[in-house]
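Work through the exercises below with the model open. Each task is followed by a stepwise solution.

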Amino acid sequence: MTPPVLEVKDLVKAFPVGGFLDRLQVGKGSLLAPQRQLRAVNGVSLTIAPGEVFALVGESGCGKSTVAKTIARIYEPTSGEIRIDGEDVSRLPFRAMLPVRRKLQMIFQDPYASLDPRQRVRDIVMEPRLAQGGRLSRRELQDEAVALLAKVGLNAEQANRYPHQFSGGQRQRIGIARALSVRPTLIIADEPVSALDVSIQAQILNLMKDLRDEFRLSYLFVSHDLSVAHHIADRIGVMYLGFMVETASRDQLFREPKHPYTRVLLSAAPTLDKSNPGTKIEIRGEVPSALRLPSGCCFRTRCPLAFDRCAVERPALKPQADGSAVACHLHDRTDTERMIP
Amino acid sequence: MTRFLSSEFFYHYRRNLPAIFGSALLLCFTLMAIFGPLLVAQDPYDVTQLELMDSFKPPVWLEGGDPRYLLGTDGQGRDVLASIVYGARISAFIGLAAMLCSCLIGTTLGLVAGYYGGLADSVIMRIADIQLSFPSMLIALFLMSAFGTGIDMVLIALTAVGWVVYARTVRGSTLGEIQKEYIQAARVAGLGNVAIIRKHVLPNVLTPLIVVSTIQVGTFILIEASLSFLGVGVPITQPSLGLLVKEGFDVLFSGIWWTSAFPGLFIMFLVFGINLFGDFLRDELNPRLR
């Protein structure tokens, strides 16, 4: 079996919150400045095989983008391992990351903010390539840029334009061309279509699929849109409050969601199928604050099926017989008598 | 050129009367500062060309005026117009040079503060805040009296006063830019901090920089004029416009008004022109004010 392109183990990312003065408190007769942390990602593990598309889904603020950006080392991981082609890169200093970036590139969410408005498209798409070092003549640079743009369906004449002369979909194509410039094996796509019109979304998704086949790419695809994930993903990971609650192959996840949160999430997705409107599962309350995580299971405060053990013990992501993995005590094999009916 | 003439910028310019007036003033003064010495008959700093007999001649349209001295003469028989032409060169040089120096220092500090944040940001911006709590004139005056006079000293004083504006402007714009995803994209591409600042942040904060720079030139010319008027600015051998006003001011109450009034008017129109054009640039280049 070929080694995974990406293997993430117990990734944790916490952001310190507030300046020194904001944190000052009086406690026990002395001034204290406790370090408060926003725990955005709490021990996420995932693997992506060559050529596989892994979608990370979840509602806003569940940490899925943070996972993506931490793997791309836009954020420094607090702890955990990030293995790219077997090599742990989570502690590599900035310069040593350069060769790794040849394998790993990223597509961003907002096509209007992710391209420098003062750069020509030619220079934008060649930026990762040029950052790798080595001199290119003007001619080579132009030719390579044009070849890249052709891959994403833009023409040579557009290479000399500026980003503001393009539509959202075209800009996202430029962003994709930029990611391709170093011929990576893994592309991290952070909500690449959520800022686009629905009609354009399909074009971009299909382009990404075609490019995967052509370059044998793997994607880590972050999305809050289940239908988008269904369209492109081979496997899906569901996140809630910085925890991975379930991973499964796409079909398995949609056919037989196991974690209570996944069920709620799927039932909340709008459907056009009138014959099968699905049963809506309603839950109460708000997502707990990432500043104060609940004890035990992250979802227990809202889970309709929660029981005593959920508040005490944090469920680990455990592999199931069918190849999926669930972090829920109901699916713990030692607790089979409580299996969901 | 044709692209410029059909641009939105030029379209708005053509419809903005103050901007046209301001830039016309500036153009006149620039031409005058460059070619003026060829046109005026006298080099006011060449003592051999001065005629003491011609001292305190009034402007040509008044009784006793001399057609050789259009705006009259001062106590040494110096042609006021010639003095203005030469003085304008010194004033303009000081204004532009101080703008460049403070722009360089202020922009660098602003970029560092905005991009790196943390301690560097706190230290730089607190110094700026402290400095802004004093009138800039007072600081310049203090520096000049402490370290002596001369064009180089004026430049140092103006730079010390002026960098704050740049630092604050650039820091603010930088904070806005580094939030944007293209900075993160550059990081993923593998660019280091210095490369990101140079290739991405700086070009994107350039617009407010241009606006501030225009206005700052006017401010610097004014401060320099004030310093020279108070006697702590440029030396008498290199009189700027402010020093001319001061020299004339000494004899103003003897009824000899032209030696101070004309340099004063000149400063006024120069700064007025700069500000008119600067305001136009600000409105035009700042999308939020559109």
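**Record and contact**

UniProt, in an unreviewed entry, places the feature "domain: ABC transmembrane type-1" at residues 88-278 of chain B. Positions follow the numbering used here, feature names are shortened, and annotations may be inferred rather than shown by experiment.

This is a predicted model: local features need pLDDT of at least 70, side-chain atom pairs count only at pLDDT 80 or more, and totals for chains, interfaces and linings use all residues. Residues are numbered from 1 along each chain as its sequence is written, and chains are lettered from A and ligands numbered from 1 in the order written.

**Exercise 1.** Describe residues 88-278 of chain B.

*Solution.* Take the secondary structure: 84% helix and 0% strand. Helices (H or I, at least four residues) and strands (E, at least two) are DSSP runs, numbered from the N terminus. Then take the ends: their C-alpha atoms are 19 Å apart.

**Exercise 2.** Is α4(A) mostly covered or uncovered?

*Solution.* Step 1: ten of its eleven residues are buried (20 or more other C-beta atoms, placed from the backbone, within 10 Å of the residue's own). So α4(A) is mostly covered. Step 2: the buried residues include A:R122, A:E127 and A:R129. Step 3: the buried residues pack against α3, β8, α5 (138-151) and α6 (168-180) of chain A, together with α8 (181-189) of chain B. Step 4: just after α4(A), A:G133 takes a positive phi of about 90°.

Definitions and conventions. Buried ≥ 20, exposed ≤ 12 C-beta atoms within 10 Å, placed from the backbone. Contact = placed C-beta atoms within 7 Å.
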